[in-house]
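Me: I am new to this structure and would like to learn how to read its features one by one. Could you give me the general idea each time, and then the case at hand?

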Amino acid sequence: MSQELPYYPYSEYLKNKYGEKVYKLPLNLPVDCPNRINGRGCSFCAESGTGFEALDNQVPVREQLEKNRIHIERRYHAHKFIAYFQNYTNTFLPLEIFEKYVKEAAGYPGIVEIAVSTRPDCISREYLDILKSVSQKVCITVELGLQTVNYHTLIQMNRGHTLAEFIDAVFAVKRYGFELCTHIILNLPGDSLTDVIETAKILSAMKIRTVKAHSLYIAKNTALCESYEKGRISLCSKDEYLERLAVFLEYLDPQIAVERLFSRVPEKDSVFCNWGCSWWKLRDELLDTMRKCGRYQGRRFDYLGGAALKNAGFI
Ligand code: SF4
């Protein structure tokens, strides 16, 4: 647990792991997503997918890494990097093309890790074998979009998978010894504080390594945007979201590093994001509240390993 923050920040996790600061170099590959092809996509999915800051996907992998590395090296004086396959569903590619990108990224100077963002229903042995082939050289993290453990909400949001596929993917990735990151949204319409707690508990029980929490934003030209503008959905208040975050962290295993707490989206791309506040102001507000009330990550992490037996004094 960080000495200064009431949660375990990803930056500290990376420093502990690599002995110095490490930054992600985002890669935008020419890839799509099966949920967008086979259906309408997740109801919140923007036209650009999830990589608002990425370079054009026609720019070769090496050039994208080079451009981003120069920028980040100058700004943060970092020398170790993570090649981050960020946008859409990065294992939804023909095997040989996926292999080519993975090998190019693994061979780029300074790359210590490859992080591949994908969907739980796009994990298979063949793709994991390709990642395994470079794992002597670089660490591997698989980032899975789950969003919530409430499978009713997953259906409502047209995710195209439920909780079962997530559990299956986690087991598959763990068999290869890779790290896992999970993306979640704590304020999806239909979810309550109970779902938030259960999400923290399941990620903790499944020993996920890092978590990225996103506050729901409503991107223009999405199904969710239409529902929002027609008044068919309501969003929780800012205070409710901050409370959900604090509770989520309290239930989360303190060993899980937290990479993100709020979404960061350009205003021009959304009709709603972060209640009109900047993410860093929201973060300051969260930290103030948590510190004042003595709240911290893992404060309520006491429910695994036979909690009732411990409570009864049998073990
Ligand atoms: S899984 Fe990601 S890329 Fe695919 S539709 Fe959902 S949000 Fe969009």
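Me: Why is strand S2 said to be largely enclosed by the rest of the structure?

Reply: Begin with the terms: a residue is buried when its relative accessible area is under 20%, exposed when it is over 50%, and partly exposed in between, using a 1.4 Å probe and protein chains only. Helices (H or I, at least four residues) and strands (E, at least two) are DSSP runs, numbered from the N terminus. In strand S2, residues 80-85, five of the six residues are buried, so the strand is largely enclosed by the rest of the structure. Keep in mind that this is a predicted model, in which local features need pLDDT of at least 70 and side-chain atom pairs count only at pLDDT 80 or more, while totals for chains, interfaces and linings use all residues. Residues are numbered from 1 along each chain as its sequence is written, and side-chain values use heavy atoms, with hydrogens and water left out.

Me: Which strands pair with S2, and in which sense?

Reply: Two strands pair if DSSP finds at least two bridges between them. Strand S1 (residues 22-27) is joined to S2 by six bridges, and the two run parallel; within this pairing, Leu 27 stands opposite Phe 85 of S2. Strand S3 (residues 111-118) also pairs with S2 in the parallel sense, over five bridges, and here Ile 82 has Glu 113 of S3 opposite. Between S2 and S3 the chain passes through helix H4 (residues 95-106), making a right-handed β-α-β crossover. Right-handed means that, with the strands pointing away from the viewer, the path from the first strand over the helix to the second runs clockwise.

Me: How are strands S4, S5 and S6 joined?

Reply: S4 and S5 run parallel and are connected by six bridges, with Thr 182 in S5 as the bridge partner of Leu 144. S5 and S6 are likewise parallel, joined by five bridges, and Cys 181 has Thr 210 in S6 as its partner. From S5 the chain crosses through helix H8 (residues 193-205) to S6, and this β-α-β crossover is right-handed. Strand S5 itself (residues 179-185) is mostly covered, since six of its seven residues are buried.

Me: How many salt bridges does the structure hold, and what do they tie together?

Reply: A salt bridge is a side-chain nitrogen of Lys or Arg within 4 Å of a carboxyl oxygen of Asp or Glu, and the structure holds 24 of them. In one of them, Lys 24 meets Glu 259, with the closest N and O atoms 2.8 Å apart. Lys 24 lies in strand S1 and Glu 259 in strand S8 (residues 257-260), so the pair ties together parts that are 235 residues apart in sequence. Both Lys 24 and Glu 259 are buried.

Another salt bridge links Lys 212 to Glu 143, whose closest N and O atoms are 3.3 Å apart. Because Lys 212 belongs to strand S6 (residues 210-214) and Glu 143 to strand S4 (residues 139-147), this pair connects parts that are 69 residues apart in sequence. Lys 212 and Glu 143 are both buried.

Me: Which residues of helix H1 are buried, and which are exposed?

Reply: In helix H1 (residues 10-18), the residues Tyr 10, Tyr 13, Leu 14 and Tyr 18 are buried. Seen down the axis of H1, these buried residues fall within an arc of 105°, so they line one face of the helix; the arc is that of the directions from the helix axis to the C-beta atoms. Ser 11 and Asn 16, on the other side of H1, are exposed.

Me: Which residues surround the ligand?

Reply: A residue is near a molecule or strand if one of its heavy atoms lies within 4 Å of it. The residues around the ligand are Cys 33, Asn 35, Arg 36, Gly 41, Cys 42, Phe 44, Cys 45, Tyr 88, Arg 119 and Arg 159. This shell divides into five nonpolar, two polar and three charged residues, where Ala, Val, Leu, Ile, Met, Phe, Trp, Tyr, Cys and Pro count as nonpolar, Asp, Glu, Lys and Arg as charged, and the others, Gly among them, as polar.
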